[in-house]
Amino acid sequence: MNHLAHALLAGDDELLRLGGIMGDFVHGQPDPALPERLIAGIRLHRAIDVYTDSHPVVVEARTLLPAPFRRYGGILLDMWFDHLLARDFPRWSKHPLDAYSASVRALLYRYEPLLPPALLRFRHYMDAHALPGGYARPEELGAALDGISHRLSRANPVGAAMPVLQGLERPLQARFEVFFPELQGFAREWVGANGEGGR
């Protein structure tokens with residue numbers, strides 16, 4: 001899952017949500033000087049990634065991708081599922097998408113001293129493209145995939161994936177509808193068991 005899903009799955013706790021967003025920008029052990037709830041949010045992000053990558057419905061969804069794209073199925077499905085989440089946000093959240101997206105960006109400003117440099121840089125892109133809510137727009141998602149493609153170290157088809165994903169819209173939507181409620185349940189249980197104090 002990508003930024004919108006990680007923020008939403010962290011619930012209403014600001015530091016858990018910030019950790020959910022920071023998860024892609026923190027490698028190795030989080031700095032122990034960070035607030036415990038923020039560290040818990042980073043760990044929640046990683047637990048969500050592991051759960052998602054191994055979920056049978058997601059594994060099945062990756063097999064729908066044709067051969068040159070399947071190798072990058074993790075990236076492509078993370079981005080596409082965030083697109084589906086953003087596009088149908090009222091089904092999954094009580095908050096309007098634009099307001100929720102703005103609140104995510106505002107969170108990054110409120111806790112700016114805690115942000116790693118890569119996230120500070122990405123925040124400018126988020127502001128310019130109204131992310132994470134902007135992923136609802138196919139053209140925004142396509143631009144993001146093109147950017148990811150150029151950041152990968154070897155030649156890849158990620159930047160050309162939008163027509164493939166759009167062609168698989170119905171079967172991928174069906175799998176998302178099964179998978180995302182289970183992921184929500186997993187995140188709630190994780191927060192209940194591990195969220196308090198980062199333990």
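Residues are numbered from 1 along each chain as its sequence is written, and side-chain values rest on heavy atoms, with hydrogens and water left out. Because the model is predicted, local features need pLDDT of at least 70 and side-chain atom pairs count only at pLDDT 80 or more, while totals for chains, interfaces and linings use all residues.

Helix α6 (residues 73–87) and helix α10 (residues 138–151) have axes that come within 11 Å and cross at roughly 160°. Helices here are DSSP runs of H or I with at least four residues, strands are E runs of at least two, and both are numbered from the N terminus. An axis is a line fitted to C-alpha atoms, for helices over the stretch in contact, and angles between N-to-C directions run from 0 to 180 degrees. The two helices α6 and α10 are therefore roughly antiparallel to each other; angles over 145 degrees get that label, those under 35 count as roughly parallel, 65 to 115 as roughly perpendicular, and the rest as oblique. The crossing of α6 past α10 is right-handed, a term for the near helix being turned clockwise from the far one by less than a right angle, with anticlockwise giving left-handed. On the α6 side the contact involves I75, L76, M79, W80 and H83, and on the α10 side P138, L141, A144, L145 and I148, where contact means heavy atoms within 4.5 Å. By class, the residues of this contact of α6 with α10 are nine nonpolar, one polar and no charged. The classes put Ala, Val, Leu, Ile, Met, Phe, Trp, Tyr, Cys and Pro under nonpolar, Asp, Glu, Lys and Arg under charged, and the others, Gly among them, under polar.

Another pair is helix α2 (residues 14–22) with helix α8 (residues 97–110), whose axes come within 10 Å and cross at roughly 90°. Therefore α2 and α8 are roughly perpendicular to each other. From α2, the residues E14, R17, L18 and I21 make the contact with Y100, S103, V104, L107, L108 and R110 of α8. The contact of α2 with α8 has six nonpolar, one polar and three charged residues.

The axes of α3 and α4 come within 5 Å and cross at roughly 60°, and the two are therefore oblique to each other. Here T52, D53 and S54 in α3 meet P56, V58, V59 and R62 in α4. These residues of the contact of α3 with α4 comprise three nonpolar, two polar and two charged.

Next come the empty spaces. Rolling a probe the size of a water molecule over the atoms shows where such space is left. On a 1 Å grid over the protein atoms alone, a cavity is a set of points where a 1.4 Å probe fits but cannot get out, and a pocket is an open set with protein on both sides within 12 Å along at least five of seven lines; lining residues have an atom within 4 Å of a point. Grid points are joined across faces, edges and corners, and a volume is the space filled by probe spheres set on the points.

The structure has one cavity of 30 Å³ or more. The largest cavity holds about 30 Å³ of space, and its lining consists of T52, D53, V58, R62, G73, G74, L77 and D78. Two or more of these residues come from each of α3 (36–54), α4 (56–63) and α6, with α6 giving the largest share, four residues.

The largest pocket has a volume of about 550 Å³. It is lined by 21 residues, and N2, H3, F122, I148 and R151 are the closest to its centre. At least two lining residues each are supplied by α1 (3–9), α3, α6, α9 (117–129) and α10; α10 gives the most, five. The lining of the largest pocket has twelve nonpolar, five polar and four charged residues.

The second largest pocket contains about 230 Å³ of space. Among its 14 lining residues, L8, L9, G11, W92 and Q184 are the closest to its centre. Both α1 and α12 (169–195) give two or more residues to this lining, and α12 gives the most, with four.

Finally, the backbone. Most residues other than glycine have a negative phi, and most peptide bonds are trans. A130, although not a glycine, has a positive phi of about 55°, and it is placed in the loop between α9 and α10. The peptide bond from L131 to P132 is cis, with omega near 5°, and P132 is also in the loop between α9 and α10.
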